[in-house]
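Hello,

Here is the structure I promised to pass on. Please have a look when you get a moment.

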Amino acid sequence: MNKPEVLFDESHCEQCACGSGLDFAFSFAFQPIVDADNKTVFAYEALVRGPEGEGAMSVLSRVNENNRYAFDQICRVKAVKLAAKLDMQPLLSINFMPNAVYKAEYCIRTTLAAAKTYNFDTRKIIFEMIENEDLSSVEHLSSIIEAYQSMGFSTAIDDFGAGYSRYNIMMLSPPDLLKLDMALVRNIHDDSNKQAVVLGIITMMRHLGGRIIAEGVETKEEYFWLRSQGIALYQGYLFAKPGFECLPEPVFPD
C-alpha cells in the first residue's frame, strides 16, 4: 500500500508536526569523508543526533514501523537545510532506510523541494543505504539505486563486508560507492584473513567502476595498509570525529 507523502513545509518539519506521528526532535553531526589523494574533504556524512548532541541511539530507538517513513523524509529535509546553512561545499551523504521508500520517484519529492528552498545543489547529494537492514526485497533496493542514479544522485552502501553483505545487489545494481565495514578495517594491517576479503572487494569494485570508502579508520597502521592497496577515500577518528551541527576540518596522517 502506498503511504501518504510527507509534503514539504519548513515550519511543520521543524516542529515534527507533519501529520506523521513523529513526536521527537533531532539534529545532525557531520563527519568528513576525506580524499587522501589530494588531501581534501570528499563529502560529509550526516549522522543523526539528539537536539542537544545526544547519541544516535537516543533518536533511532524511537523509530518504528509507524513513523519510519516520516522520519526518513524529515531526516532528508533537516540534513539538506543544515548543510545549506553551513555552506557545505563538498558532497552531502544522507543515510536512507530502504524499507521507508515505497517508490523512489515519489519519495524523493520532499528532498527535491527542500533542496530548492534552501538552494542546495542536488548533484551534491549521496544517498547512503544502511547495508545491514533486513530488506524485504533485493529487487526493491535495486530499483531505488537505479532510480536515484538516473536522477543524478550518487549512491552508497554502508557497512559492506560483514553481516548482511548482499553481493546480489552488486550484480543487479552496483552503487557508486561502497563503504567497508569497520569490523574489516579494524587491525587489518595485522590480519591476513581480513586482508584477503578486502582485496577481493577492491577487485570487485574496480571492475564495477565504483569507489571504496574505508570507514572507521582509527590508526595510522590501518590507514597505511589500506592506502598501500590504492584506496583513496577514508572516514574515521584518525581524520576527524563527528562535529555537532558543524563541519570539522580533517587532519591527515604523515
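Predicted model: local features only at pLDDT ≥ 70, side-chain atom pairs only at ≥ 80, totals over all residues.

Residues are numbered from 1 along each chain as its sequence is written, and side-chain values use heavy atoms, with hydrogens and water left out.

The largest pocket holds about 830 Å³ of space. (On a 1 Å grid over the protein atoms alone, a pocket is an open set of points where a 1.4 Å probe fits, with protein on both sides within 12 Å along at least five of seven lines; lining residues have an atom within 4 Å of a point.) Its lining has 33 residues, with Glu 45, Leu 47, Leu 60, Asn 95 and Asp 158 nearest the centre. Strand 2 contributes the most, 5 residues. By class, the lining has 16 nonpolar, 7 polar and 10 charged residues.

Helix 3 and helix 5 (residues 109-117) pack at about 20 degrees, their axes 9 Å apart. Helix 3 is therefore roughly parallel to helix 5 (angles under 35 degrees count as such), and their crossing is right-handed. Gln 73, Arg 76, Val 77 and Val 80 of helix 3 meet Thr 110, Thr 111, Ala 114 and Ala 115 of helix 5, where contact means heavy atoms within 4.5 Å.

Best wishes

Technical notes:
Points joined across faces, edges and corners; volume = space filled by probe spheres on them. Helix = DSSP H or I, 4+ residues; strand = E, 2+ residues; numbered from the N terminus. Nonpolar A, V, L, I, M, F, W, Y, C, P; charged D, E, K, R; others polar. Axes fitted to C-alpha atoms, helices over the stretch in contact; angles between N-to-C directions. Parallel < 35°, antiparallel > 145°, perpendicular 65-115°, else oblique. Left-handed = near helix turned anticlockwise from the far one by under 90°.
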